[in-house]
Amino acid sequence: MSNLFSNLQLVISNSADGVLAVVLSPSCAACERLLEHPTRGPVCPPCWASILPLTPPLCDQCGDPLPTWRAISVPLARCPRCRRARRFVDRARAIGTYDGALRAVVHALKYQGRRSLARPLARLMRVRGADLLEGATCVVPIPLHASRRRQRGFNQAQDLACLLQRPVVPAVRRVRATATQTDLPAAQRHRNVRDAFAVTRAAASLVGAVVVLVDDVSTTGATMEAAARVLKEAGVKEVRALTAARVVGSR
Ligand SMILES: [Zn+2]
Ligand SMILES: [Zn+2]
């Protein structure tokens, strides 16, 4: 009986795909080819499979790829930039680089309001950011400024953070609207987000905590640094940064 039921479900689900395919002809949000199984989500399996992890060796601190020879000779592998400057983010990781299917998926989530994509993205973040989430007290989404949040209707970072299976603490707020980081040349990005954040009252519970900041894309890491700074000043012990994608080589 249960077998019959699951067969029936399969038939219904398959025919729902068929009906959807005929009625809507939905195409993959990343590659735009027609979806064979539209009920399984807006991105086709080959596109998901094409999202590769960043290839080690990576900088222990910011997560940027390192030239191979450096990792062999240096026990704590850090990129030149992280060795030069004091960083507030202790460790950063992403699913992969901000290009190809991953870029298309993030775009569809953020700008086309395909919020159902947050779930599979967060699943990949949990897998590829497992060592970052390990031992973390909570996750903290990077907030949008109120005006942008109203315009978009949701905050994609919040959607992702809520699916990482850790307590979500809204410990950071925007005190200043900023230009979109991706629209700015690298040199202006740090200035753009400096003083953009303050902690909320919820941060009082995070003294001595290990916090994972969550966002969709990290461009130069400037946003994460600015948010990490206010958290550290509020007494957070360690700040890690987990994003769906990161732009590599833009700084
Ligand atoms: Zn596709
Ligand atoms: Zn680095």
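1. A contact here means heavy atoms within 4.5 Å of each other. On that basis, among contacts in the protein between residues at least 6 apart in sequence, 70% join residues at least 24 apart. The model is a predicted one, and the points below should be read with that in mind.

2. As to overall make-up, the secondary structure comes to eleven helices and six strands, and buried residues account for 46% of the 251 residues in the protein. The accessible surface amounts to about 12,900 Å², with 55% of that area belonging to carbon and sulfur atoms.

3. The zinc ion (ligand 1) is coordinated at 2.3 Å by the SG atoms of Cys28, Cys31, Cys44 and Cys47, and these donor residues are spaced C-x2-C-x12-C-x2-C in sequence. Cysteine 31, in the loop between α1 (2-24) and α2 (45-49), and cysteine 47, in helix α2, form a pair that links distant parts of the chain, the two being 16 residues apart. Because the four donor atoms subtend angles of 105 to 116° around the zinc ion (ligand 1), the arrangement is tetrahedral.

4. Which of the classes buried, partly exposed or exposed do cysteine 31 and cysteine 47 fall into? Cysteine 31 has a relative accessible area of 27% and is therefore partly exposed, since that class lies between the limits of 20% and 50%. Cysteine 47, at 8% relative accessibility, counts as buried.

5. The zinc ion (ligand 2) is coordinated, also at 2.3 Å, by Cys59, Cys62, Cys79 and Cys82 through their SG atoms, and the donors follow the spacing C-x2-C-x16-C-x2-C along the chain. The angles subtended by the four donor atoms around the zinc ion (ligand 2) run from 103 to 116°, which makes this arrangement tetrahedral. For reference when checking the geometry, the ideal angle at a metal with four tetrahedral donors is 109.5 degrees.

6. Strand β2 runs parallel to strand β5 (residues 210-218), and four bridges join the two.

Definitions and conventions:
Residues numbered from 1 in each chain as written. Chains lettered and ligands numbered in written order. Predicted model: local features only at pLDDT ≥ 70, side-chain atom pairs only at ≥ 80, totals over all residues. Heavy atoms only, no water. Donors = N, O, S within 2.8 Å, 3.2 Å for Na, K, Ca; no water. Tetrahedral: all angles 85-135°; square planar, octahedral: opposite > 155°, others 65-115°. Buried < 20%, exposed > 50% of the residue type's maximum accessible area, 1.4 Å probe, protein only. Pairing = 2+ DSSP bridges. Areas by Shrake-Rupley, 256 points an atom, 1.4 Å probe, with all protein chains shown as cover.
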